[in-house]
Every structure is written in C-alpha cells, then in structure tokens.
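Please keep the sequence and the three-dimensional view open while reading.

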Amino acid sequence: MEASSLFAVVDIETTGTNQEMDKIIQFACVIVENQKIVNQMSIDINPLRSIPKHITELTGISNKDVANEPYFEDVAYTIRQLLDGCVFVAHNVFFDFNFLNSELVRAGIEPLKSPCLDTVEIFQVLYPTSNGFRVSDMASEMALDHANPHQALSDAYVTAQGFIKMIDKLRGLPEMTLEKFTQLSKELGVNNHDLFQMILDETRKKESKKENHLMMIDGLVLKKKNYDYRYNVRCTNETFGSALDVLRANQKEMSEDIYQFLAKESQEKDFFIEAETGTGKTMGYLYPLSFVNSSKQVLISTSTIMLQNQIVYQDIPLLNKLTGMSKYGVVVKSASHYISLESFKQTLDNPVPQKTYAICQMAVLVWLLETTTGDLDEVNVSKNNIFYQHVQHTGKMELFDSSLFHEEDFFNYLNDRCRFADFIIVNHAFLFADSQKKEPFLPEFELVVVDEAHQLPALIENLSTKKLSFSQFGYELNHLIELSSDLSKFNVLWERQGLMIGNISQELRESLDWLEECFFNYYRLHQVREEVMVELLTFLQQVPMVKRSIQQIKVLLRELSHLKKDILEKSQVGSTLIEKDFFNTLNRVIEISEWFNQFFYDYDDDFVKWAYRKKSHLVLSMVNFENLSIQQYNWYHQAKKIIYTSGSLQLDNESSFLENKLGLNNVAKKTLPTIFDYKNQARLYLIKGINYPNLSSTKEFSKQIYKVVKKLYNTHEQTMLVLFTSHNLLEKTYQYLIDYFNQGEVLILAQGISGTKEKILKKINQGNKCIILGANSFWEGMDFSKQSIDIVVMTKLPFEPPNRPIVQARYHYLEQQGVNPFYEDAIPQAGIKLRQGVGRLLRSPTDKGILVLLDDRLINSRYSNILCSYLPKELDILPVTLPELVDNSKQFLKNKS
C-alpha cells in the first residue's frame with residue numbers, strides 16, 4: 001500500500017444482510033487519490049425481488065424506484081473494472097466487501113482480491129471520544145454534511161471525506177505513537193495494519209518537528225498538563241451587588257436569599273430553597289458563593305456526572321463572564337474513573353492478543369495526546385471490557401514514588417487541581433461514600449451546596465442497604481481461584497500463598513453453594529419471585545446445619561484476610577497487572593465478607609432483612625431504617641452551612657416530608673415564585689375512554705401507549721418525551737414505535753437501549769426530531785434546554801413499584817412504627833416525582849407545551865386531591881378522549897411562539 005494508491009470508498013444498500021438470499025439495490029463508489037476526491041459513481045440496481053418495507057423506510061428506496069433499473073449482472077463488469085487495482089475502503093468493510101464479492105461470483109465474475117481498509121476501526125482509534133462510530137457519528141464528529149443517510153452515495157461520500165481527514169490526523173501523530181500503532185494493529189482486521197505502517201514509514205523519512213505541548217515518558221507520549229490554575233487569585237475586590245442586575249429576577253432573589261443566609265450569624269445550618277426548572281438555579285447559588293468567604297473553597301454536590309460537567313464547563317465560565325472573576329471549578333470522581341498510566345504501560349508491554357483490546361489501547365494512545373483530565377469517561381470504551389478494568393486507577397495505594405509516571409499521574413494531578421479550586425463538584429453518591437472512608441479524598445468544607453437535593457432520601461436508603469449477591473460472591477471467588485493458580489505458576493514467591501488462597505476460595509465456593517440451596521428450599525425461592533422477609537433466628541433454629549456452615553464460612557473468610565496481610569508484608573501491591581487484578585479481587589471478597597458477617601451475626605431488631613432470587617441466584621439484603629439520617633455522614637458535621645436546592649423540595653413551607661426523611665430540624669426554607677404562566681403555557685390532558693383495569697398486562701398497556709404516542713407525533717411532528725415507571729413497559733413500547741417509525745425522520749431514543757443518557761442527550765440537542773422514552777432519572781435530571789420538548793407523556797403516576805424489595809421492607813418498617821406507608825411515604829414520593837415530570841416541559845416563560853397522562857387515578861381515586869396538590873395550582877387538568885386530545889392540543893399549540 002502506497003500513499004499514491006487509488007482508494008475506492010464503497011457503500012452498498014441491500015435488501016437485507018443474508019448474502020445467500022438478499023441482493024444489492026444501490027452501489028456507490030468515491031475514488032480518492034492523493035488526498036482528494038477525483039471521481040464518484042452511483043448505480044441503482046433492480047434486485048429482482050421485493051424490497052422489504054423496513055429497508056424502504058430506512059433508505060427511501062422503493063420497488064418503484066428500481067423497477068426500471070439494470071440488474072446486477074448488467075453492471076457487474078463495470079463495477080469490477082472500476083474497483084480493479086484500488087484499495088477497497090468501506091465503513092464496516094467486512095460486510096460491503098464480502099457481500100459485493102458474493103454478488104460478483106453469482107454474476108460469473110471473478111471476485112475482488114483487493115487490499116481492504118475498514119474505516120470503522122480507524123475511526124474508533126483516531127476519534128476515541130466520539131459518541132458512536134457509525135457514518136452519521138463520523139459526520140457529526142468531523143462536521144461533515146450528511147444530507148441523505150442510508151443512501152449509498154451520501155454514505156460513501158461522507159466516508160471518503162472522513163477517510164481523508166483520518167489520514168491527515170494520522171500524519172500529525174508523533175512517531176512514537178505511530179510505532180505503538182504498528183505493533184498493536186497486527187490484531188486488527190483486513191489491511192489496516194498496512195495503512196499504519198505506511199504512515200509510519202512516511203513519518204520516519206520526514207524531519208521530526210518538536211511538539212511543545214507534548215511530552216514523552218517511558219515510551220508514552222502525553223499532552224503536557226496545564227498548571228495555570230495555581231496562579232488564580234481566589235479573593236475578589238468586587239462586591240455582591242456589583243453584577244447582581246445582570247441576573248434574571250428569580251436568580252437575583254435566590255442569590256440575595258443565599259447571601260443573607262450565609263452572611264448572617266444564625267442558628268440555622270440548613271437552608272432549603274425550592275427553584276423550579278427554568279429558574280437558572282445554578283447561577284442563583286454560584287453568584288453569592290463567589291462573594292461570601294470568597295477565599296475558601298465550596299463543595300457542590302449534584303445528582304449526575306453530566307450535571308457536574310455542565311457546572312464546570314458551562315456555568316462557571318458564564319459566572320466569570322458576568323462578574324469578571326476567574327473562578328475555577330474541578331469535577332471530582334472516584335479513582336476508578338481515571339486512567340493509571342503505570343497500568344496502561346504494562347498493557348503495552350504485555351499485550352492481550354485480541355482485536356477489541358488492541359483497538360482500546362490504540363484509542364487511548366490518541367486520547368493521551370488530547371486529554372487534560374485522564375478521565376476514562378471521556379473515552380468511548382465499554383466499562384465491561386477487560387481493558388478498562390486493567391487500566392483503572394486504584395487510588396493512592398498505587399502511587400509509588402519509584403514509578404516513572406508518579407509526577408504525571410492523573411490522580412495526583414486531580415489532587416493538585418483540587419487544592420487550588422474555588423468550587424469542587426462531586427455527585428451525591430461520591431460525596432456520601434467518600435465521607436465514610438477511613439481516608440477520604442475530599443477535605444473538610446465549611447460551605448456545601450446540594451443540588452437536586454430531593455434525591456437524597458433515596459440515595460441514603462440505597463447506600464445504607466447492604467446487599468449480598470451470591471452470584472457476585474461466587475464470581476469473585478472463581479476469579480480469585482484462577483488468579484491464585486496463575487500467580488503460583490509464574491511467580492515462585494506466590495507459590496505457597498497462591499495455593500492456599502485457591503484452596504480456601506474453592507472451599508468457600510462450595511459452602512456458599514450449599515448455603516444458597518438451603519435458603520432456596522426453606523423460603524421456596526425456586527417458586528416465589530418476590531422477596532421474603534428473613535427472620536434469621538427462626539431460620540437458624542429450624543435448619544441447625546446452617547449455623548455450622550455460617551461459622552465455617554466466617555473462619556475461612558478470616559483466613560483469607562490474614563493471608564492478605566502476610567502477602568502485603570512481603571510484596572509491593574499490584575506491581576504487575578495480574579497482581580493488581582488479584583489484590584482488587586481479594587479486596588472485593590473481603591469487603592463482601594464484612595457484609596456477610598453483619599447479615600448473619602448482627603441480631604439488632606432495628607435491621608430489616610430480606611431475601612429474593614435474582615435470575616437463579618440468592619440475594620440477601622438488610623437495612624436499618626432507624627439510621628437513615630443525613631447526620632450519620634461525616635461531611636454533614638464538618639460543614640457549617642448547607643444549601644439544598646431543587647425544583648421539588650417543598651411544595652409549601654408547612655410540608656416537612658424531606659426534612660423528616662433526612663433527620664433534620666430547624667431548617668430555613670424558601671420557595672421562589674414561579675416564572676411560568678401555567679394557565680396559558682401548559683395543559684394536562686388525562687386520557688379517558690380507556691378501560692384502565694383491563695390494561696394490567698404489559699403487552700396491552702404498551703399497545704395503548706404506542707397508539708397515543710403515534711397519534712400525537714403524527715399530529716404535531718414535534719419532539720416528545722414519554723416517561724415510564726417500568727423498564728419492561730418501556731422496552732415493549734419501544735419495539736412497537738421502532739417497528740412503525742423505523743428510524744425515519746424521527747429518532748426513537750430509549751433509555752437502556754439507545755446508549756447512555758449523555759449519548760441520548762447529545763442526539764437530542766443536535767436538533768433531531770425525537771421520541772424519547774425514559775424512566776427513573778428521565779423524570780427529573782435531564783437537561784433538554786437546547787431542544788424544545790413540546791409534549792410530555794406520563795404513562796403512569798410515578799409510584800414506586802410496590803413489589804421492589806426495598807419498598808416492601810420500608811413499608812413493613814413504617815407499619816411497625818404505626819405509620820401509614822401509603823399516605824406518609826408513597827404519595828409524597830410520587831407527588832415529588834410527578835412535579836419533576838411536569839418540570840420537563842417548560843424551560844422559559846415563552847415555552848408552551850402539553851402534558852398527557854394515561855392514569856385516571858389522578859382524578860378518580862380517594863387520594864386524588866392530595867396528588868393534585870403537588871401540581872402547579874394554575875395548571876388545567878382536562879379529561880379527554882384520544883380524538884379530543886388531538887383536536888384540543890392542536891388548538892392549544894397552534895399559537896406556540
């Protein structure tokens with residue numbers, strides 16, 4: 001392969017993917033020579049068979065379009081001549097090349113034997129932070145015009161443009177990185193290795209240029225770190241009122257309330273401030289925090305990593321622009337989110353002979369030339385991939401001074417950035433988990449902001465619930481057995497300890513299997529799908545052999561812990577990849593063992609314990625509902641002032657639901673006035689004429705949802721959000737919608753199916769018309785500010801599923817306390833979530849939209865008045881049939897600005 005070669009970039013559209021049965025309906029080729037497009041050709045082909053409906057909907061090519069076009073046999077020789085002598089390039093070349101060759105053979109023409117390049121693999125390597133690796137993703141990443149996706153010429157032309165850009169990017173890579181590429185790319189498919197070798201040979205012939213922004217350590221080329229933040233001046237001469245008038249009215253009021261709360265000496269430590277969606281509450285608290293104790297750091301905790309990034313990369317720069325300050329914020333995550341350069345270097349020295357692994361390694365080599373954080377979330381790598389597990393950072397325990405990468409370690413860099421930051425931004429889970437560690441990462445803070453604070457009760461409950469999965473326990477023990485065996489074979493220092501740990505792990509595995517079967521038999525978990533409450537003392541009395549088994553497991557786990565201490569005294573932790581994997585696995589087993597001992601040896605009556613079957617394995621859970629206060633966490637006691645904000649903290653100042661759940665007293669409260677005119681900006685339609693009791697089956701209900709969503713979209717052709725309380729129902733509805741719309745002009749995006757929340761949000765904010773299906777966090781934490789959501793469909797009132805183990809356990813506990821769980825827990829939680837769902841609709845005073853609810857309990861139940869009190873007072877609730885919904889919503893949205 002030479003730089004002067006002709007590259008034929010090919011795309012085909014077919015009636016399907018079966019090479020035996022299906023046929024080509026469109027062929028396109030774009031010729032690239034010397035980094036320029038010099039020719040192009042496109043042919044429609046009559047496949048001599050009917051084009052399936054879903055292919056027509058996907059490509060726009062119908063039977064009528066190809067009825068008078070030539071057969072493949074008529075153009076096969078022309079295609080063969082065009083491609084002869086060229087390097088064959090395609091996006092997923094394995095499909096295009098093999099399918100085309102099968103058609104050539106059927107036409108009696110010799111198949112192609114050209115060298116092939118796959119742009120999917122090359123794109124994955126060179127653009128590791130891309131949201132996806134399809135042709136459309138490549139077009140988006142490179143800002144290429146892709147007017148007709150799934151049309152052969154459009155796809156081939158975009159792929160050709162992308163290929164040229166990829167060659168240019170390869171030629172700009174450092175020689176050392178290219179050398180690694182040529183070593184690793186031998187695992188890749190087709191002739192991609194030859195391309196990397198060609199570029200390396202070119203680079204070696206040129207005079208190397210010095211890249212001042214890069215550095216090299218032990219064969220790794222990295223982007224130099226920027227330490228300008230060290231010289232930021234944290235104090236300011238500006239006054240609180242200096243830029244207050246640039247804020248919106250509600251932001252200004254929120255800022256003044258927070259400023260007064262922080263400035264005055266008062267007994268109140270906690271301040272609840274409710275600011276509905278669209279207020280701009282982030283700026284409402286960032287502004288006053290910049291002036292009160294401006295020389296001290298502030299901790300901000302929010303609900304998701306996505307919101308963390310939004311604060312650092314959007315909100316703080318806007319704050320600086322408004323105030324003329326230079327405030328600096330740092331996103332902090334747990335150590336495992338960051339790459340360990342030491343471990344990554346070991347993967348290069350001891351490569352795994354696997355294509356996916358090699359692509360990950362090559363992608364990280366490119367990413368290291370670009371990243372400023374070392375945050376692995378930036379890279380599009382599956383978290384389940386063994387490569388990801390190999391290169392995750394383990395925290396302070398692996399920061400050896402002797403390492404060549406110690407000074408450039410990204411976890412060290414994170415520590416340094418935190419020392420100089422004005423705002424440290426974490427998510428709730430990290431804040432609470434880190435606070436309980438013996439050596440927490442976070443320092444002590446006087447000022448803390450908890451954004452999306454309504455999520456705290458559920459988070460504390462989840463963190464306080466101990467779960468012992470026998471499936472996970474068994475997996476870790478099996479992995480420990482394998483690692484112990486490998487270490488004892490290849491390292492003489494490990495021979496004795498490895499053998500002992502392997503034997504103990506095997507004995508533990510057998511004992512756990514027996515114990516699991518005892519639980520299944522006693523509680524009939526083979527037949528019962530729901531969780532069952534565990535009265536442990538009764539169980540041990542009824543099945544006395546279990547007590548001996550538990551004691552034996554406890555002794556074995558103690559021996560494992562002692563062996564770990566012995567090994568640590570004689571070995572440096574994780575000096576090789578396999579040792580790192582071994583210690584991580586052993587630590588997880590010991591951590592699980594602590595939960596095991598607590599479940600079987602803590603007989604405190606305050607604990608609620610239950611068991612259930614997950615797939616074919618036992619899960620044991622326990623929680624102490626007496627001890628779910630926020631005050632059990634160290635960070636709470638360290639802070640002097642805490643601000644809690646959300647769109648649904650308190651519906652009125654008489655409500656005490658949230659503070660009771662958190663165990664707080666003497667809380668200052670404020671609800672900001674609404675910025676919306678709900679009477680004229682929104683309507684809530686309740687679908688009547690549906691026999692709701694007959695929709696108990698998921699299949700029937702999903703059909704009804706599909707019918708409503710289809711009708712609404714065909715009427716309005718506007719982006720809409722459909723909110724679910726069940727993932728199973730979501731998946732069924734998705735299938736109906738995808739079969740009908742089939743990714744035509746509207747994108748069907750579903751949580752858990754169409755990628756991560758971040759990927760879904762990016763597709764939405766690109767301006768595509770979308771039908772978004774979501775559950776859980778989609779009710780509350782998605783920022784659709786760049787895309788108007790005109791229609792929100794709520795499939796059911798958002799009550800927690802009563803058959804969830806934790807829900808049943810909580811209700812059981814509340815009943816024991818003489819509390820009605822439905823009225824004191826279920827309804828307030830559902831009401832808060834309902835209000836959050838409403839908040840997905842309107843973002844500004846000029847927005848207009850409709851809410852549709854498929855649940856008549858809102859107006860036809862004994863608790864209707866309570867639920868309706870959670871909604872905005874001016875929001876009209878209109879019961880309508882489906883035809884009436886269409887007519888009424890048309891009229892309401894007609895004058896939408």
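The largest cavity holds about 80 Å³ of space, and a search of the whole structure finds 3 cavities of 30 Å³ or more. Its lining is made up of Glu276, Thr277, Gly647, Ser648, Phe676, Tyr678, Arg835, Gln836, Val838 and Gly839. Helix α31 (residues 821-838) supplies the largest share of that lining, namely 3 residues.

These coordinates come from a predicted model, and the confidence of the prediction deserves a word before further detail. The mean pLDDT of the protein is 88, with 95% of its residues reaching 70 or more. Confidence is lowest in helix α29 (residues 757-765), where the mean is 74, and highest in strand β4 (residues 87-90), where it is 97.

**The parallel sheet**

Strand β8 (residues 270-274) is mostly covered, since 5 of its 5 residues are buried. Asp270, Phe272 and Glu274 point one way from β8, while Phe271 and Ile273 point the other way, and all of them are buried. On one flank, β8 pairs with strand β17 (residues 641-646) in the parallel sense over 5 bridges; on another, 4 bridges join β8 to β18, again running parallel. Phenylalanine 272 can be followed in both pairings: tyrosine 644 is its bridge partner in β17, and lysine 669 stands opposite phenylalanine 272 in β18.

Elsewhere in this sheet, strand β9 (residues 298-302) and strand β12 (residues 447-451) pair in the parallel sense over 4 bridges, and valine 298 stands opposite leucine 447 in β12.

**The antiparallel sheet**

A further open sheet, of 4 strands, has the order β13-β16-β15-β14 and antiparallel pairing. What leaves one side of β13 and of β14 without a neighbour in the sheet? Both β13 (466-469) and β14 (532-533) stand at the edges with a single partner strand each, so one side of each is left without a neighbour. Strand β14 is joined to strand β15 (residues 607-614) by 2 bridges, and the two run antiparallel; methionine 533 stands opposite tryptophan 610 in β15. Helix α20 (residues 495-522) packs on the sheet and touches β15 and β16 (617-624), and its direction makes about 80° with that of β16.

| Strand pair | Sense | Bridges |
|---|---|---|
| β8 and β17 | parallel | 5 bridges |
| β8 and β18 | parallel | 4 bridges |
| β9 and β12 | parallel | 4 bridges |
| β14 and β15 | antiparallel | 2 bridges |

As a general point, the strands of a sheet pair through backbone hydrogen bonds, either parallel or antiparallel.

Isoleucine 45 lies in the loop between β3 (36-44) and α1 (53-59). Is isoleucine 45 buried or exposed? Isoleucine 45 counts as buried because its relative accessible area is 0%, which is under the 20% cut-off for that class. Leaving aside residues up to four places away in sequence, isoleucine 45 touches Ile24, Ile25, Phe27, Val66, Glu69, Pro70, Tyr71, Phe72 and Val75. The C-alpha atom of isoleucine 45 is separated by 42 Å from that of histidine 727, which is 682 residues away along the chain.

Glutamine 35 is found in the loop between β2 (24-33) and β3. The backbone of glutamine 35 has a positive phi of about 65°, although this residue is not a glycine, and glutamine 35 is partly exposed, with a relative accessible area of 22%. Asparagine 92, placed in the loop between β4 and α4 (93-106), likewise has a positive phi, of about 75°, without being a glycine. With a relative accessible area of 37%, asparagine 92 is partly exposed.

Conventions:
Residues are numbered from 1 along each chain as its sequence is written. This is a predicted model: local features need pLDDT of at least 70, side-chain atom pairs count only at pLDDT 80 or more; totals for chains, interfaces and linings use all residues. Side-chain values use heavy atoms; hydrogens and water are left out. Two strands pair if DSSP finds at least two bridges between them. Buried means under 20% relative accessible area, exposed over 50%, partly exposed in between (1.4 Å probe, protein chains only). Contact means heavy atoms within 4.5 Å. pLDDT is the predictor's confidence in each residue, from 0 to 100. On a 1 Å grid over the protein atoms alone, a cavity is a set of points where a 1.4 Å probe fits but cannot get out, and a pocket is an open set with protein on both sides within 12 Å along at least five of seven lines; lining residues have an atom within 4 Å of a point. Grid points are joined across faces, edges and corners, and a volume is the space filled by probe spheres set on the points. Axes are lines fitted to C-alpha atoms, for helices over the stretch in contact, and angles run from 0 to 180 degrees between N-to-C directions.
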